[in-house]
Amino acid sequence: MDLSARVCQLSPSPTLAITAKAASMRAKGLDVISFGAGEPDFDTPGHIKKAAIQAIDNGFTKYTPVGGIEELKDAIIEKFKRDNGLHYERQQILVSCGGKHALYNLAQALFDTADEVIIPAPYWVSYPPIAELAGATPVIVKTSEEEGFKISPDQLREVITARTKALILNSPCNPTGAAYEREELEALAEIILEKQIYVISDEIYEKIVFDDFRFTSIASLDKAIAERTIIVHGVSKTYAMTGWRIGYTAGPAELIKAMTSLQSQSTSNPTSIAQKAAVEALSGPQQPVREMVQVFHERRDLIVNRLNAVEGISCFNPQGAFYVFPNLSTWLGRTHEGRNLSNSLDLADYLLTKANVALVPGASFGAEGYERLSFATSTENIEKGLSRIEEALSHLGQHQ
Ligand SMILES: *Cc1c(COP(=O)(O)O)cnc(C)c1O
C-alpha cells in the first residue's frame, strides 16, 4: 500500500515489542520472567476505582469539555501548589489521554520543521518519534554513567543552535532512574533562560523516588524559568493507572490553548469516568502511593545488589522510577553456538531464548551496551530471573 511518508519512517515502540514476544512465549506454555513492564504491577487503589464506579452510576458518561473538567483541572492546580509550590490558572492546564498524548499534542503545537529538540540519552523511547512526527529534528546528547546519566550545563550549551526550540528533561528518568538535584537544575535553567529556549519537563515519576531524594520541578526555581517550562505529568505511574489514560500538561496559556484546539480536532475529551477517578487519585488519600514506593524501594535494593554481584555487570543505582539500567558491555562480542552477540539486542534475544528472561535492549533508549530491567515485578521473580541471567551468561564463549 502507498502509505504516508510520515508513518513509513515510524517503528512501533520497542518496549511494547519485547513484552509482546515474551507474552507469545508464555502463551506457548514457557515459563518466562518479564523485566519488560513499563507499568506498576500493583492494582489501582480501591478508593480511586470507587470514584469511577460512582461516576458511571451517576451517569457521568457523556462528553466533557475538551481540555478536561474544571474539577480535575482544579485538583491538578492544587497538586502543583501543594507539591511544587507552583501556581497555575485553569487556562494553563490541559488534560489529555495519558502523558504520551500530552507530549504528542505538545510537539504538534510547539515544533516546526526547522526546529531542533535536545534529547539527553538514555531517553524514553517515544521522545524522538514524537518530535519527528511534528517535523522537528531530535538532537541526541549522550550522557555517561560516570556523570550519573545527566546532561551537564556544558553539554547543553554546546549543542544549542539558532534552531533549538526545546530541551526535553525527564527526572526521574526512564530508563536510568537518574534524577536531577536542585543545583543541577539551576545550572541548566540559567542556560535555558540565556538562550531563550523552552524546557519540556516530564515529571511522570515525581513521586517514585528513593532514599532521601527530594524532587524539584525545574519550573519551581523562579518565575522566569516557570514561563519557559512546560510540565508533562499524569496519574499512570504514581497511582497504578496506566490503563485509565489520564495525563496532563501545565504551561503558558497560549500554548495550552493551541494544544486544546488540536485535541478538539482529534481525540476530544479524555474519558469522563477516568477524569473522575483522576480527581480522586490527586485529591484523595496518598497513603497507597507511599506503600507502593516502599515496595519499589526494597525491590530496587535487591535488584541492584543482585546485578552488581554478577561478574561483568555494573549497575547504576537509580534515585527514582522503577527501572535499572545495568551496563553489560563486557558481555558483548561473545559467541553462542557460533553466533556473535554483538549488541544489546542480540544479548536480550539470547537471554529471552536461552534463559526465558525478557529485558529491553539499551539501544532502544539510545544507549548501546546496556539493558533495561523493570522491577515492577515480585521479589520472587527478581531472584529467579537474576539467577537465570547469571547462569545463561556463564555459558557464553570468549570474545572473538
Ligand atoms: C510512562 C511514561 C509516560 C507516559 O505514560 P502515560 O501512560 O501515557 O501517561 C511519559 N513519560 C515517561 C518517561 C514514561 O515512562
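This is a predicted model: local features need pLDDT of at least 70, side-chain atom pairs count only at pLDDT 80 or more; totals for chains, interfaces and linings use all residues.
Domain bounds are here those of an automatic or database domain assignment. Residues are numbered from 1 along each chain as its sequence is written, and side-chain values use heavy atoms, with hydrogens and water left out.

The assignment divides the chain into domain 1 (5-43 + 288-394) and domain 2 (48-283), and the centres of domain 1 and domain 2, taken over C-alpha atoms, are separated by 26 Å. Across the boundary, 34 residues of domain 1 are in contact with 32 residues of domain 2, contact being defined as heavy atoms within 4.5 Å.

A nonpolar core is taken as a set of buried Ala, Val, Leu, Ile, Met, Phe, Trp, Tyr and Cys residues joined through side-chain atoms within 4.5 Å, where buried denotes under 20% relative accessible area, exposed over 50% and partly exposed the range in between (1.4 Å probe, protein chains only). The largest such core has 66 residues, of which Phe35, Leu72, Phe80, Tyr88, Ile303, Leu347 and Leu393 touch the most other members. Helix H12 (residues 287-308) gives the largest share, seven residues; helices (H or I, at least four residues) and strands (E, at least two) are DSSP runs numbered from the N terminus. Because domain 1 and domain 2 both give residues to this core, it lies between them. Leu393 touches Val310, Ile313, Leu328, Trp331, Leu347 and Leu351, residues up to four places away in sequence not being counted. A second, separate core of 35 residues includes Tyr127, Ala136, Val232 and Leu255.

Helix H5 (residues 99-110) packs against helix H10 (residues 253-264) at an angle of about 110 degrees, with the axes 9 Å apart, which means that H5 is roughly perpendicular to H10, a class that covers 65 to 115 degrees, as against under 35 for roughly parallel, over 145 for roughly antiparallel and oblique for the rest. Residues forming this contact include His101, Asn105 and Leu106 of H5 and Leu255, Met259 and Leu262 of H10.

Ile33, in strand E1 (residues 33-34), is buried, with a relative accessible area of 3%. Residues up to four places away in sequence aside, Ile33 touches Asn356, Val357, Ala358, Asn381, Lys384, Gly385 and Arg388. The C-alpha atoms of Ile33 and Thr377 are separated by 9.1 Å, although the two residues are 344 residues apart along the chain.

How values were computed. Axes are lines fitted to C-alpha atoms, for helices over the stretch in contact, and angles run from 0 to 180 degrees between N-to-C directions.
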